[in-house]
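Welcome! Below you will find a few exercises, each followed by a worked solution. Take your time and keep the structure in view.

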Amino acid sequence: MRTKTTLLGLFIAGILLVSCSEKSKKPTNTKKPNIVFIMSDDHAYQAISAYSDKLIKTPNIDRIANEGMLFTNASVTNSICAPSRAVILTGKHSHLNGKIDNRMPFDTTNVTFPQLLQKAGYQTAMFGKLHFGNNPKGVDEFKILRGQGTYYNPFFYTNTGDTTITGYTTDIITDLTLDWMEKRRDTAKPFMLMYLHKAPHRTWMPAPRHFKEFTKKSYPLPETLFDEYDNRGTAAKTAEMGILKHMQLSYDLKIPDSIAALLEIKNWNQIGNRIGRLTPEQRAVWDSIYDPIAEDFAKRFPSMNDSTLTVWKYQRYMQDYLASIAAVDENVGRLLDYLEDHNLADNTMVVYTSDQGFYLGEHGWFDKRFMYNESFKTPLLIKWPNVITPHTTEDEMVQNLDFAQTFLEVAGIVSPDDMQGESLVPLLKGEKEKWDRDAVYYHYYEYPGEHAVKRHYGIATKGYKLIHFYYDVDEWELYDLQNDPQEINNVYNDPAYAETVATLKDKLERLREQYKDSDDLSNSYIRLYKENGWIE
Ligand code: SGN
Ligand code: CA
């Protein structure tokens, strides 16, 4: 590990011009706004009723949009967990903060916005999922899950020692947060709280109180559920995130192994420690719900074909995924209520987002990683009383890259020069004329890796998306978002789009220069990974 860290440090130091001209001011009074940053894990915007109520009602998350602003064009720069978090904390693209994928530990020599807020007099705290391979800096108190965390009986690293707590993780993260608010918040200081859910990440394990209701529901099928990836390149065809082929009946969908053996299903995956962690009481409730489903499945399975099996799996997936969100929504409600009941709501900015979007059966997929719509976009709702006009919708292209500078501006701190986002404050104030971004940049790296989504980078404007897949392919794709919002028709080679391609390639090159990304840098990462044996 020592070699890796040193190598990484040298590597980043060699590339960066570290210009930390941060001129933080000490707060002069306690009236500075508090900041509550709520992030869930893999929460698709399609599963928030402020965006669409086709799948679920999320009345509490919706409160944030009702009292504030709903962003319809928010995206991430790299659609995977830990890299997204690193971008959020550093305000820098992955290629500069060094956390390009989930494998490499976060380089803690990066300057993060909580450190700057703490230095400027904010009380700071973090509860829930971080997924960095090390503890956060710049937070006065933290209780973070180990790695991905578990849905039940979670293990936490904390600033006062490690602990395992019995119960349902979404509820526990909220209990810990409210306990800090109630008992250890310094009322003489403004605060910045990061409240980070593990749910609704795979393997989508609901709370006992939601099992019954959700396992009875059925959901509308996405139009592209049976997508065969015609008119797309190799990457979409070879990705391993298909509901039919790659979602596991046992591991993901909770059919017990005994049924698998009975049905002689090949490639059966053990659910293993996911339910191994449950207490006997939790397990009894679990079995009372999932056993009858499995028995019913065993009866139907012999007459199922690919299409009926896909639909069955999609429905099971949605039941558990959405039930996991129901608990997130309830708990967000608890936190919002606390702020209101304690007279804090008026001076607190509340943000709700996810570390990235997620496929809910679109293109036949689950998971994320692609620059295609559902994983590139992420939900974003912000309320900030007396600043944001309630019920506002904003369609400007904003990114997770923008959070750090937004929070620094809210706190009256000048951002370090090497942060790469834009503060959202002008948009929040309705000063659209101060916002002139017309394109965003994306770069995904975790390949070869789980789900086999190829490395790619690209540019998105409101009208088009141009993507370059590389590493073991060299393929370009262009989508005309107005005429093809589902991104099912790659028009890169269509002569009618030749001019658009040329313009966008030029713009992409300029963006890469602006953000200091390059083929050389990508190749250095590939070399680094090979040297460390992380890829072959
Ligand atoms: C786990 C999941 C993957 C998921 C990654 C990354 N597999 O490895 O399906 O893509 O996390 O997710 S699982 O067998 O552990 O469920 S991320 O949100 O952390 O980036
Ligand atoms: Ca995630």
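**Exercise 1: a residue in a helix**

At 18% relative accessibility, R63 counts as buried, where buried means under 20% relative accessible area, exposed over 50% and partly exposed in between (1.4 Å probe, protein chains only). Before going on, note that this is a predicted model, in which local features need pLDDT of at least 70, side-chain atom pairs count only at pLDDT 80 or more, and totals for chains, interfaces and linings use all residues. Residues are numbered from 1 along each chain as its sequence is written, chains are lettered from A and ligands numbered from 1 in the order in which they are written, and side-chain values use heavy atoms, with hydrogens and water left out.

Task: find which helix R63 lies in and what R63 touches.

Step 1. R63 belongs to helix α2, residues 59-66; helices (H or I, at least four residues) and strands (E, at least two) are DSSP runs, numbered from the N terminus.

Step 2. The side chains of R63 and N60 make a polar contact at 3.0 Å. A polar contact is a pair of N or O atoms within 3.5 Å; within protein, one must be able to donate a hydrogen and the other to accept it, and residues adjacent in sequence count only if both atoms are side-chain atoms.

Step 3. Leaving out residues up to four places away in sequence, R63 touches G333, L336, D337 and E340, contact meaning heavy atoms within 4.5 Å.

**Exercise 2: the ligand and its surroundings**

Task: work out how many residues surround ligand 1 and which are the closest.

Step 1. Ligand 1 is surrounded by 19 residues, and Q148, Y251, D367, E450 and H451 are the closest; a residue is near if one of its heavy atoms lies within 4 Å.

Step 2. Sort the shell by type: 3 residues are nonpolar, 6 polar and 10 charged. Here Ala, Val, Leu, Ile, Met, Phe, Trp, Tyr, Cys and Pro count as nonpolar, Asp, Glu, Lys and Arg as charged, and the others, Gly among them, as polar.

Step 3. Look at the oxygen atoms of ligand 1: one is 2.3 Å from a side-chain N or O atom of Y251, and one lies 2.7 Å from a polar side-chain atom of K368. A backbone N or O atom of C81 is 2.9 Å from an oxygen atom of the ligand.

Step 4. Of the 450 Å² of accessible area that ligand 1 has on its own, the protein covers 89%; such areas come from the Shrake-Rupley method with a 1.4 Å probe, and for residues only the protein chains shown count as cover.

**Exercise 3: back to C81**

Task: decide whether C81 is buried or exposed, and find its helix.

Step 1. C81 is buried, because its relative accessibility is 2%.

Step 2. Its helix is α3, residues 81-90.

Step 3. Beyond neighbours within four places in sequence, C81 is in contact with D41, N102, K129, H131, D355 and Q356.

**Exercise 4: a strand in the sheet**

Task: say what covers the picture of strand β8, from its faces to its partners.

Step 1. In β8 (residues 191-196), 6 of 6 residues are buried. F191, L193 and Y195 lie on one side, and M192, M194 and L196 on the other.

Step 2. β8 pairs in the parallel sense with β1 (residues 34-40) over 5 bridges, and M39 stands opposite L196. Two strands pair if DSSP finds at least two bridges between them.

Step 3. β4 (residues 123-128) also runs parallel to β8, joined by 6 bridges; Q123 has F191 as its bridge partner.
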